[in-house]
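Visitor: Hi, could you walk me through this one? I'm new to reading structures.

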Amino acid sequence: MNTRADLCRQARAIAAPVTIWAMHFVLVYALFSAACAPRMLMDFATLRIVVVVMTALAAVLALLPLVTGHGAEPDLARAARWSGIIATLAILFQALPVLLWQSCG
Amino acid sequence: MTDATYTGAAKGEPDKSFEEIWAQPRGWRALSSVSHRAVGKRFIITGFIFFLIAGFLALLVRTQLIVPENTFMSAETYNQVFTMHGTLMMFLFAIPILEGFAVYLIPMLVGARDMAFPRLGAFGFYCYVFGGVIVLSSFLFDAAPDGGWFMYVPLSTSEYTQGLSADFWLIGITFAEIASVTAAVEIIATILCSRAPGMTLTKMPIFCWYMLITALMIAIGFPPLIIGSILLEAERMLGLPFFDPLLGGDPLLWQHLFWLFGHPEVYIIFLPAAGMVATMLPTFVGKPLFGYGFAVAAVVTMGFLSFGLWAHHMFATGLPAISLSLFSAASTMVAVPTGIQIFCFIATLSLAKPRMAMPMLFILGFLFVFVIGGLTGVMLASVPFNWQAHDSHFVVAHLHYVLFGGMVFPLFGAFYYWVPHFTGRMMSETLGRWVFWLMFIGFNGTFFLMHITGLRGMPRRIATYPEGIGWDRLNLLSTLGSYMIAAAVLVFIWDFFRHQKKGPLAGHNPWGAATLEWLYPAVTPTHNFHAIPRITSREPMWDQPELTERHPRHLDGILRETHHNRRETVGCDPLTGEPIQVLRLPHPTWVPLITAAFVAVMFAALLAKTYWLVAVGGLGMMAGFTAWAWEPSDSGADYDVGMGLRLPVNIVDKRSHMHVAIVGTLLVSYALLASIIFGILFLWNIRPAFAETAGLPGLGFAVGAGSAGLVLAALGLMTNAQACRGNLGAAAGLGVVLAIVAVIAAALLGAALLTVDPWASALGAAEWVLAAFVGTHLFVVMYWSLINALRKAVGAVQPGQTLPDLNLATFTKGTGGMVVAAAVLFGVAAMGGAV
């Protein structure tokens, strides 16, 4: 029998990675805008460091459901695992430009 | 309070049987129907009519392009025709018709007797119809919009588009969008809060996952366009300079706001259709959907990732290259969950040999066409290729492969699949095959060739072209293909009317489907479940023989027949699906139609610039909503619902459907707020020189407003706490104080901006929009708290009937947060020199 708490944890495990992806995406976009729009609020080197650190943190957090997503409902556990995998890939991929570019371009 | 003391029964229909209580009103009274079956069918029929109109416009477009140097239409008419084609297809056909299917099917799929908010559904439908009529009526005034379905500025500003054509688009579409947003809120609440006993999240039909994510996407994705439309209309009507570069505005702000809506919109259209495929496919394979967990992961991640793609429509606008890389990466990554989902379908197909009935043919057509559209999407996600193909017919081909393949093919499959529900008969397999093959060949003939036309350099949206540059034959064939699609649709319509008399009777569960909408024999009655059964399987019609071995009227279940002569269903815990309440539902009422009519008056008068009539419409709308809310509360009773369960009516709890809807509404509100703040930050960052010219907000007033926001949130909680303790007098008094604080907060926000001239700079105008938006929410808090207080004062509320206070407390918390956010922004602006 599923307990409500168990289901709640599994539902959160599905939503968490993509929420982290969304936060990472917004922050990366905001940082790119800060560095590359006319105001130039930060330089490119700083941008790169901040994005790399943020990306490492986000990737680790997004992968957590691989550990925490198990529970009474195997389908939800699978959904949580794959949500984590897809979100992590997306986080890493969308941060790649800071490594490939030397400037805003 | 117990059953015996329940006081809300006066709203019921005494001496009527279960069937009579759920019967549809007849004749002109049918317009007062709020049942999901009536509203869903109306959405579907109206959406199909818009499809036919928009399809006819497409034929005009193709006829114009059939030969070079064609003079069939003038360039001006051509602009109107392709603009209206896109507008009708995207806003008035695709989303509404899918919502119609959702509204019709979801209650039956989850074991409910109706949607959680039937009046809201009816209100949304009438807003959709009236909005659609406003948009279409532009043809009568020779003022049809002609700026493309995306209404780019500066072309659509009053300087370059004089007259009312852009106003018809902005006002009509914004009005029609109300339907999408209201449908989103009620879909979220219905799926989460009114499932049958035992239907946990993983026993939920997969279609409900698709619709849940789609509804959440609508709640977040539509607000940017609503804000963009308001800004553009304000620029056209009031001269506020949001997009005027000479005053610190930026045309790209419109593109950002439009595509923040526009790209998720593609998935908002695709996901429900894919959900239909995921529902139909197992029926014809005879096996459950392969990889339910994979599909859930795919649909959830697609829902999120699709919001990170908007700027791939703006690759040619001069954004920094690193930003292009970000959006290119996100655009590529969305292919991963999409691919997972497609592989789930293919793997399901591999489980057994499918029956090649009509819906199955359309599913295969969907797979073939949509995958090609997806692949060209990956090509277009690549910046260099995108630059090459930008604004060419290649893009037209790609978007039709995705939208026609991803939505129209599944939709026609769905028509064939669910038509017995509506008519009790089966459509012709022979004619159906004609429909499919004409459509399939015609579609690929039209649009596959368009890839080549585009790669040969033919731009979109040109009224004609010179001969002899390699486009002639391709365009001729594309046009002939479009005529084949039209022929397919005509055969379908003919068969639809023909089969209602001559089609074979469908009988019970004609496809042998697994889901609950086939519980009753076709034509299905106007009610859903005489008793709501316990669900123990994701494929209940296959795995639960007790559901099929006797007439559904005699099934075991809870809430058998009616109590208190009322329409009602079971409300559940959002996660476990276990019953927690009896959910009282409204009977037929004219209030949604009358309220929507007043909203229509308001919008139409705005278009006509007849401002006294705008006020009349607004007051009528307020009166309508007040009548809606002013009725005896249903909370406070509880009774035996059978099978050993005793449930409260309309429980006062955060898991209540009404509270979930309030949270959903706040989600929409915060997406609107985020869109405005995005606009402010964008203008501040992109146009720094002009930011300096915007006046500075008053720091003291901003701090005062922020403090008032915090007090507001606290007062909402205190009012609810007093009401829960049964101190209704104290709660009423606090409600009045809450209203006063809401007015004070609005006044302080306005005062903070007295030094900011909205006509002097785009940034200043955007700050005023933020204040007006938060002010609107404060007005709602004021009005709502006064209504609650008045109801307590006149004895319309009994102890225990505190659901409105709980809902208001949550809404007030949300509004308080908005006030604080605006105040912080104004405060930083005041201290920082210019935001």
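This is a predicted model: local features need pLDDT of at least 70, side-chain atom pairs count only at pLDDT 80 or more; totals for chains, interfaces and linings use all residues.

Visitor: What span should helix α5 of chain B have, and what are its end C-alpha atoms apart?

Guide: Helix α5 of chain B covers residues 165–193, and at 1.5 Å a residue its 29 residues should span 42 Å. Its end C-alpha atoms are 42 Å apart, which agrees. The expected span is 1.5 Å times one less than the number of residues.

Visitor: How many helices and strands are in chain B?

Guide: Chain B has 24 helices and four strands. Helices (H or I, at least four residues) and strands (E, at least two) are DSSP runs, numbered from the N terminus.

Visitor: And how much of chain B is buried?

Guide: Buried residues make up 60% of its 835 residues. The C-alpha trace of chain B spans about 85 × 75 × 45 Å along its principal axes.

Visitor: Which domains does chain B get?

Guide: The assignment gives domain 1 (1–13 + 36–269 + 536–655) and domain 2 (667–832); the bounds come from an automatic or database domain assignment. The C-alpha centres of these two domains of chain B lie 26 Å apart. Their contact takes 30 residues from domain 1 of chain B and 31 residues from domain 2 of chain B. Two residues are in contact if their C-beta atoms, placed from the backbone, lie within 7 Å.

Visitor: Which helix gives the most to the domain 1 side?

Guide: That's α6(B), with seven residues on the side of domain 1 of chain B that touches domain 2 of chain B.

Visitor: What about the largest nonpolar core?

Guide: The largest nonpolar core has 329 residues, and those with the most contacts inside it are B:Ile106, B:Cys127, B:Ala745 and B:Val819. A nonpolar core is a set of buried Ala, Val, Leu, Ile, Met, Phe, Trp, Tyr and Cys residues joined through C-beta atoms within 7 Å. Leaving aside neighbours within four places in sequence, B:Ile106 is in contact with residues including B:Met115, B:Ile187 and B:Cys208.

Visitor: Switching topic: how many residues of chain B are in contact with chain A?

Guide: 30 residues of chain B are in contact with 36 residues of chain A. The largest share of the chain B side, nine residues, comes from α8(B).

Visitor: Is A:Trp21 buried or exposed?

Guide: A:Trp21 is buried, with 30 other C-beta atoms within 10 Å. A:Trp21 lies in helix α1 (residues 4–36) of chain A.

Visitor: What does A:Trp21 touch?

Guide: Not counting residues up to four places away in sequence, A:Trp21 touches A:Ala62, A:Ala87, A:Ala90, A:Ile91 and B:Phe304. A:Trp21 and A:Gly84 are 63 residues apart in sequence and 9.5 Å apart in space, C-alpha to C-alpha.

Notes. Residues are numbered from 1 along each chain as its sequence is written. Chains are lettered from A and ligands numbered from 1 in the order in which they are written. A residue is buried if 20 or more other C-beta atoms lie within 10 Å of its own, exposed if 12 or fewer, and partly exposed in between; C-beta atoms are placed from the backbone.
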